[in-house]
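The exercises below are meant to be worked through with the sequence and the 3D view side by side. Please try each task before reading its solution.

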Amino acid sequence: MTSFTYQLNQEKIELHASDWSGVERVLVNDKVVSSKINFGQRSTHQIKLQNGNPCMLQLLIDPQTEQLTCRVYKQNELIANLKEGKTKLLSSKIIFEASVLLACLASLGLYWMS
């Protein structure tokens with residue numbers, strides 16, 4: 001799970017994205033305001049802040065560097081460009097794959113013993 005956090009005035013905006021399940025969630029002040037499943041290279045979340053102003057979060061992967069970027073727009077103006085490196089994405093994927101493999105092996109072991 002990759003997370004981006006941005007403080008905009010008095011509001012905490014967070015975007016959580018899972019590189020293996022595709023689930024994306026946007027939270028404003030710890031309340032989910034947008035959620036979707038995405039397996040593509042790009043995703044957009046349109047939200048409204050508490051003061052009614054529009055805000056857009058754009059999540060994209062650079063195909064050359066495989067770096068994950070979250071762009072934050074307020075009233076169609078880019079105000080932040082947050083980046084996450086390839087190393088963190090790969091480490092979370094490895095942990096998930098190892099967990100699935102361990103669960104499968106444990107299931108097979110229980111089946112074989114019964």
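**Exercise 1.** In which strand does Ile-37 lie?

*Solution.* This is a predicted model, in which local features need pLDDT of at least 70 and side-chain atom pairs count only at pLDDT 80 or more, while totals for chains, interfaces and linings use all residues. Residues are numbered from 1 along each chain as its sequence is written, and side-chain values use heavy atoms, with hydrogens and water left out. Strands here are DSSP runs of E with at least two residues, helices are runs of H or I with at least four, and both are numbered from the N terminus. Ile-37 belongs to strand β4, which covers residues 31-37. For the chain as a whole, there are one helix and eight strands, arranged along the sequence as β-β-β-β-β-β-β-β-α.

**Exercise 2.** Decide whether Ile-37 and Gln-10 are buried or exposed.

*Solution.* Begin with the cut-offs: buried means under 20% relative accessible area, exposed over 50%, and partly exposed in between, using a 1.4 Å probe and protein chains only. Ile-37 counts as exposed because its relative accessibility is 59%. Gln-10, which sits in the loop between β1 and β2, is likewise exposed, because its value is 72%. Across the 114 residues of the protein chain, 31% count as buried.

**Exercise 3.** Which residues have the most contacts inside the largest nonpolar core?

*Solution.* A nonpolar core is a set of buried Ala, Val, Leu, Ile, Met, Phe, Trp, Tyr and Cys residues joined through side-chain atoms within 4.5 Å. The largest one has 16 residues, and those with the most contacts inside it are Ile-13, Leu-15, Ile-47, Cys-55, Leu-57, Leu-59 and Cys-70. At least two residues of this core come from each of β1 (2-8), β2 (11-17), β3 (23-28), β6 (54-61) and β7 (68-74). Next, take Ile-47 and set aside its neighbours within four places in sequence: its contacts (heavy atoms within 4.5 Å) then include Val-26, Val-33, Pro-54 and Cys-55.

**Exercise 4.** How many disulfides does the rule give, and why is Cys-55 too far from Cys-70 for a bond?

*Solution.* A disulfide is a covalent bond between the sulfur atoms of two cysteines. The rule asks for a pair of cysteine sulfur atoms within 2.5 Å, and by this rule the count is zero. For Cys-55, the closest cysteine sulfur is that of Cys-70, and it lies 9.0 Å away, so the two are too far apart for a bond. Cys-55 is buried, because its relative accessibility is 1%, whereas Cys-104, at 42%, counts as partly exposed.
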